[in-house]
Amino acid sequence: MSVAKIRLFVEHPLAPGQSVPLNADQAHYLFGVMRLEVGAALLLFNGRDGEWRATVTTAGKRGGALTCVEQTRALQLPPDLWLLFAPIKKARTDFIVEKAAELGAARIIPVQTAFTNSERIRQDRLQAHAVEAAEQCGGTFVPEVADLISLDKLLAQWPADRRILWADETLTSAQHTLVAAAPGPWAILIGPEGGFSEPEQKRLRAMPQVAPVSLGPRILRADTAAVAALTLWQATLGDWR
Ligand code: SAM
């Protein structure tokens with residue numbers, strides 16, 4: 001039996017003996033690029049049924065099929081943590097989505113703030129980055145990347161029980177609200193290159209769900225701040241403890 005090294009995300013349900021059809025892109029990757037042949041083993045996950053060892057049963061240029069053999073890992077859900085961030089330059093936005101998926105965010109929401117430069121995002125491309133990150137890091141869950149939404153609109157419908165860790169670079173000293181806070185639904189909010197406007201800051205400060213936090217005495221780039229805040233939250237309240 002060959003050793004499964006390749007991990008592939010599929011939409012199809014996974015169960016013992018389940019046949020999983022491949023689309024043209026997947027067939028091209030497995031048989032054209034990775035040169036797998038009938039009988040080869042690989043690992044599959046779909047974000048719902050854990051990770052499965054499967055074998056290639058049919059291999060074609062534009063399609064093929066795999067058969068699930070056994071579950072190799074149970075589904076591991078991340079903590080109930082959302083990442084809200086203002087999209088920045090393309091490569092840095094891709095980086096934020098990739099790292100959020102690796103570090104264990106459950107949902108990724110790009111937000112348009114007063115000083116956000118981009119007015120649209122390629123949601124499908126960002127979702128593909130989240131899938132790729134999960135394939136690489138051994139994750140069995142893929143966070144949803146939502147479409148761009150205005151921060152105003154999002155805050156207007158914000159759930160009363162979901163706290164917001166607001167990375168607020170205007171704070172002069174570290175705050176310890178996070179350490180004292182109970183676990184529960186949370187979101188992290190990271191601003192764009194220009195930070196938050198005065199009205200946005202005022203609105204955030206007035207919300208009881210918001211916990212402003214300093215990430216140290218240096219101003220971090222938004223992508224660095226996203227990684228730092230996710231790390232801080234995961235180590236304090238998340239599944240790294
Ligand atoms: N407005 C800032 C300026 O021009 O001086 C820079 C904003 S910073 C590049 C982007 C975002 O990263 C901020 O809005 C904040 O959410 C987060 N951030 C960066 N450094 C931070 C720090 N030391 N503490 C908390 N948040 C920080």
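Start at the ligand and select Leu220: one of its polar backbone atoms is 2.8 Å from a nitrogen atom of the ligand. That is a polar contact, a pair of N or O atoms within 3.5 Å; within protein, one must also be able to donate a hydrogen and the other to accept it, and residues adjacent in sequence count only if both atoms are side-chain atoms. The protein covers 83% of the 580 Å² of accessible area that the ligand has on its own (Shrake-Rupley method, 1.4 Å probe).

Before moving on, a word about what you are viewing. This is a predicted model, where local features need pLDDT of at least 70 and side-chain atom pairs count only at pLDDT 80 or more, while totals for chains, interfaces and linings use all residues. Residues are numbered from 1 along each chain as its sequence is written, and side-chain values use heavy atoms, leaving out hydrogens and water.

Next, select Ala167, where a polar backbone atom lies 2.6 Å from an oxygen atom of the ligand. Then try Gly191: here a polar backbone atom is 3.0 Å from a ligand oxygen atom.

Now hop over to Asn46, in the loop between β3 (41–45) and β4 (51–59); strands are DSSP runs of E, at least two residues, numbered from the N terminus. Is Asn46 buried or exposed? Asn46 is buried, with a relative accessible area of 3% (buried means under 20%, with a 1.4 Å probe and protein chains only).

Show the side chain of Asn46. It reaches the backbone nitrogen of Arg48 at 2.8 Å, and one of its polar atoms lies 3.0 Å from the backbone oxygen of His12.

Conventions: Helix = DSSP H or I, 4+ residues; strand = E, 2+ residues; numbered from the N terminus. Buried < 20%, exposed > 50% of the residue type's maximum accessible area, 1.4 Å probe, protein only.
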